[in-house]
Amino acid sequence: MPGNGLWRTKSIEQSIEDTDEPDTKLRKDLTSWDLMVFGVAVVIGAGIFTVAAQTAGDLAGPSVSLSFVLAAVACGLAALCYAEFASTVPVAGSAYTFSYATFGELVAWIIGWDLVLEFAVGSAAVAKGWSSYLQIVLAQVGLDAKTTVSVGSVDFDWGAVLLVVALTVLLVLGTKLSSRVSQVITAVKVLVVLLVIVVGIGYIKASNYSPYVPPAETGGTGVGSSGLEQSLFSLITGQEGSTFGVYGMLAAASLVFFAFIGFDVVATAAEETRNPQRDLPRGIIGSLIIVTVLYVAVALVITGMVPYTDLKTSADGTPANLATAFANLGVDWAANVISVGALAGLTTVVMVLMLGQTRVLFAMSRDGLLPRGLAKTGKHGTPTRVTILVGTLIALAAGFFPAGKLAEMVNVGTLFAFILVSAGVLVLRKTRPDLPRGFRTPLVPLVPVLAILACLWLMLNLTALTWVRFLIWMAAGVVVYFAYGKSHSVLALRESGKLTSPPVAKPDDRA
């Protein structure tokens, strides 16, 4: 039932009704296959081609394969909760929309603001990774071109900007078209991953797996050296640092979690799905199963090919990647193929993260928490204005700002969203047991509670500095809500009688 002030909730029925407004209507083009491709497209990329080797060398050693399993378990528990929510509330916005229906407007705004951080920072970080691989591929074909150039005292990453601009155009032209392009590119990168596994198996030495959990180090370069750079858990408990050892493996699970971000993006496309009750659970859970198998297989192969010490970040700060292991063994052709696969893989990662970002902002704009003019859809049935806005902001971030600790910032935001969605399943089961659910999370309340505990544990293993940055971002979001969102909320205007008809995004509305 709707509440008052900050805790007013938007009913499921009203959320679904709002999806039929002509000026803000999204086209329903997607099937379960499209959703599964989106999930695999966004998940297979950063994790396999960049995070696995680096995390093995700097934090976990061979036990990085177990770190992937632990992260996958946490994601799997949350995925079951996402599947129930997405099939029950097939509306754009993912965790933002779900929270609006269960916890109220303020919490919905906070999680929406959090998702904005997750997708924007993730898009910018991966776009910069794509640019570095573009430079490698250009060198392979004889073009010695730097993708980052100095403009005065500022470094400009034109490669990352080029990618973001191209994907912005593609997303404006239609979600189905984006899905078709994603299918082709995803097929290429999955073939590359399978090639890595098949070729790499021939170079595995059992001795490289020993010790499986390397002894803990202090004063290392990984997470957990000292102060705010160590995990929050080790800072609170005063335990050993998080470089290798059991704590290193657990810290690694929190970092490789970044590689699994994807199924929550699938949920943002709920409103564009032809049969959401059936297709969303299949897309979310199916994509997670596929990528987990691939991740663990690659982690086992790469740590079996070379000693984990060969995968440490170099003295000049260059992190190891999949190509590093093959190059160390003299298999240069495989390293070249991996670079091409990484370029293809990261392309779809950025595209689907941008898709998720636009759909969250679209939902928030339609609810009036952001300017409603942003929610207007174009002739292709996509939110053109918000897509162009997102593309511009991400291009600026990727073009001019260093990557820094972007991956960790994405992780803490995503885990927070997972916790709210898992708790939301418990709330909605209690408050609205009558709702038709296309998928029901098994073993409630056990699965949602375990999902919450697993995500909290992973959050505790992120660095204290990441928590500080996250809390600053959240505080800024609260200020924006009280300065704009609270007074412009469509739900608030309806309850006060100031808005009696459905909102329409007028052509003269501007962000």
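Trainee: How does helix 6 pass helix 14, in a left-handed or a right-handed crossing?
Mentor: Left-handed. That is, the near helix is turned anticlockwise from the far one by less than a right angle, and clockwise would be right-handed. Keep in mind that this is a predicted model, where local features need pLDDT of at least 70 and side-chain atom pairs count only at pLDDT 80 or more, while totals for chains, interfaces and linings use all residues. Residues are numbered from 1 along each chain as its sequence is written, and side-chain values use heavy atoms, with hydrogens and water left out.

Trainee: At what angle do helix 6 and helix 14 pack?
Mentor: About 155°, with the axes 8 Å apart. Helix 6 covers residues 105-140 and helix 14 covers 332-366. Axes are lines fitted to C-alpha atoms over the stretch in contact, and angles run from 0 to 180 degrees between N-to-C directions. The two helices are therefore roughly antiparallel.

Trainee: What about helix 4 and helix 12, at what angle do they pack?
Mentor: About 175°, axes 9 Å apart. Helix 4 is residues 64-88 and helix 12 is 276-305. So this pair is roughly antiparallel. Its contact residues divide into 20 nonpolar, six polar and no charged.

Trainee: Helix 4 also packs with helix 17. How are those two oriented to each other?
Mentor: Oblique, because of the angle between them. That angle is about 135°, and the axes are 8 Å apart. Helix 4 passes helix 17 in a left-handed crossing. Ala74, Leu77, Ala78, Leu80 and Cys81 contribute from helix 4. Helix 17 brings Val447, Pro448, Leu450, Ala451, Ala454 and Leu458. Contact means heavy atoms within 4.5 Å. The tally is eleven nonpolar, no polar and no charged.

Trainee: Zooming out, how many helices and strands does the protein have?
Mentor: 19 helices and two strands. These are DSSP runs, H or I of at least four residues for helices and E of at least two for strands, numbered from the N terminus. There are 511 residues, and 60% of them are buried. Buried is under 20% relative accessible area, exposed is over 50%, and partly exposed is in between, with a 1.4 Å probe and protein chains only. Of the contacts with a separation of 6 or more, 83% are between residues 24 or more positions apart.

Trainee: Now Asp157. Where is it found?
Mentor: In strand 2, residues 154-157. Asp157 counts as buried because its relative accessibility is 4%.

Trainee: Which side chain does Asp157 join in a polar contact?
Mentor: That of Ser131, at 2.5 Å. A polar contact is a pair of N or O atoms within 3.5 Å; within protein, one must be able to donate a hydrogen and the other to accept it, and residues adjacent in sequence count only if both atoms are side-chain atoms. Leaving out residues up to four places away in sequence, Asp157 touches Lys128, Ser131, Thr147, Thr148, Ala398 and Gly399.

Trainee: Backbone next. Which residues does a cis peptide bond join?
Mentor: Ser210 and Pro211, with omega about -5°. Also Val444 and Pro445, with omega about 15°. Pro211 is in the loop between helix 8 (175-201) and helix 9 (232-237). Pro445 is in the loop between helix 16 (406-431) and helix 17 (446-460).

Trainee: What is the phi of Leu443?
Mentor: Positive, about 55°, although Leu443 is not a glycine. Most residues other than glycine have a negative phi, and most peptide bonds are trans. Leu443 sits in the loop between helix 16 and helix 17. It is exposed, at 61% relative accessible area.

Trainee: Last one, Ile290. Which residues does it touch?
Mentor: Met36 and Val40, not counting residues up to four places away in sequence. Ile290 is in helix 12 and is partly exposed at 36%. Met36 is 254 residues away along the chain, with the C-alpha atoms 9.3 Å apart.

Terms used: Angles under 35 degrees count as roughly parallel, over 145 as roughly antiparallel, 65 to 115 as roughly perpendicular and the rest as oblique. Ala, Val, Leu, Ile, Met, Phe, Trp, Tyr, Cys and Pro count as nonpolar, Asp, Glu, Lys and Arg as charged, and the others, Gly among them, as polar.
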